[in-house]
Amino acid sequence: MYPVSASNITVAYHRKPVLQNVSFEAPEGNLIGIVGPNGAGKSTLIKSILGLVPKASGNVTIFNQPYKKQRQLIGYVPQRGSVDWDFPTNALDVVLMGRYGKIGMFKRPKKTDINKAMHCLEQVGMERYADRQISQLSGGQQQRVFLARALAQDASVYFMDEPFVGVDAATERAIITLLTSLKAQGKTVLVVHHDLQTVEDYFDWVMLLNIRKIAFGPTGDVFTKDNLQKTYGGRLSFLDQDQKGVSPLA
């Protein structure tokens, strides 16, 4: 059984395909990067798996069962720009939202839930800000709170949509530490990622995507110059040997 198995996922907006026949099976206990140019369908792929956007065709299973039966196994960190940060709530309450799948939408959280939420805030270095309104937090702090909310779900599979965008170096290190910890616990984490220079350092497996799946597999096998050229075309610059990695051209 694979944590995530997707078969022939196609998504279209106004009859224009933004994902076309994407299939893959995510191996358990790995950090998996989803990489491609702007408009490649990376975020759409995650949202289609989670049922947040309609699929024109295709099928998704989580541990061999339909997604709707396995929602409690999923943790999700959306793009920071898609969140209403002016919503009047504090950091602790945001993290407690991750417990609703355990306690029910209309039940009050128990002390054990509050303790769990506080522990999750501690894991991302945000326990001191539990009572702080989320609108008063920096971008990196807001991202850490949403990571804590995902942790509070006690999920087996995590989807993270551009978690490194707009964060400071300290938050980026905190995210990597957290991802490594989740992997050590046998969790599977799929991350939409934009920085090609860190792909080899951060991920065990990688998917190269540009509307279609270009390649998917262990990073050492897939993250090659040939595959990157197929994914990015002429929008790619390869650095010399004294500079690590590759970068998309502006």
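Asp154 is partly exposed, with 36% relative accessible area. In this predicted model, its side chain meets that of Lys116 in a salt bridge, at 2.9 Å from N to O. Asp154 lies in the loop between α5 and β7 (157-161), whereas Lys116 sits in helix α4, so the pair ties together parts that are 38 residues apart in sequence. Lys116 is also partly exposed, at 23%.

Lys116 takes part in the packing of α4 on α5 as well. Within α4, Lys116, Cys120, Leu121 and Gln123 meet Val145, Ala148, Leu151 and Ala152 of α5. The axes of α4 (residues 111-123) and α5 come within 8 Å and cross at roughly 135°. That angle makes α4 oblique to α5. The crossing is right-handed.

Helix α5 (residues 139-152) also carries Arg144. Arg144 is buried but has no salt bridge. Beyond its sequence neighbours within four places, Arg144 contacts Val124, Gly125, Met126, Asp168, Ala170, Thr171 and Ala174.

The salt bridges number three. One joins Asp204 to Lys183, at 2.9 Å from N to O. This pair links distant parts of the chain: Asp204 in the loop between α7 (199-202) and β9 (205-210), and Lys183 in helix α6 (residues 169-184), 21 residues apart. Asp204 is partly exposed at 25%, and Lys183 is partly exposed at 32%.

Another joins Lys230 to Asp226, with the closest N and O atoms 3.4 Å apart. Lys230 is exposed, at 51% relative accessibility, whereas Asp226 is partly exposed, at 47%.

Technical notes:
Residues numbered from 1 in each chain as written. Predicted model: local features only at pLDDT ≥ 70, side-chain atom pairs only at ≥ 80, totals over all residues. Heavy atoms only, no water. Helix = DSSP H or I, 4+ residues; strand = E, 2+ residues; numbered from the N terminus. Buried < 20%, exposed > 50% of the residue type's maximum accessible area, 1.4 Å probe, protein only. Lys, Arg positive; Asp, Glu negative; His and termini not counted. Salt bridge = Lys/Arg side-chain N within 4 Å of Asp/Glu carboxyl O. Contact = heavy atoms within 4.5 Å. Axes fitted to C-alpha atoms, helices over the stretch in contact; angles between N-to-C directions. Parallel < 35°, antiparallel > 145°, perpendicular 65-115°, else oblique. Left-handed = near helix turned anticlockwise from the far one by under 90°.
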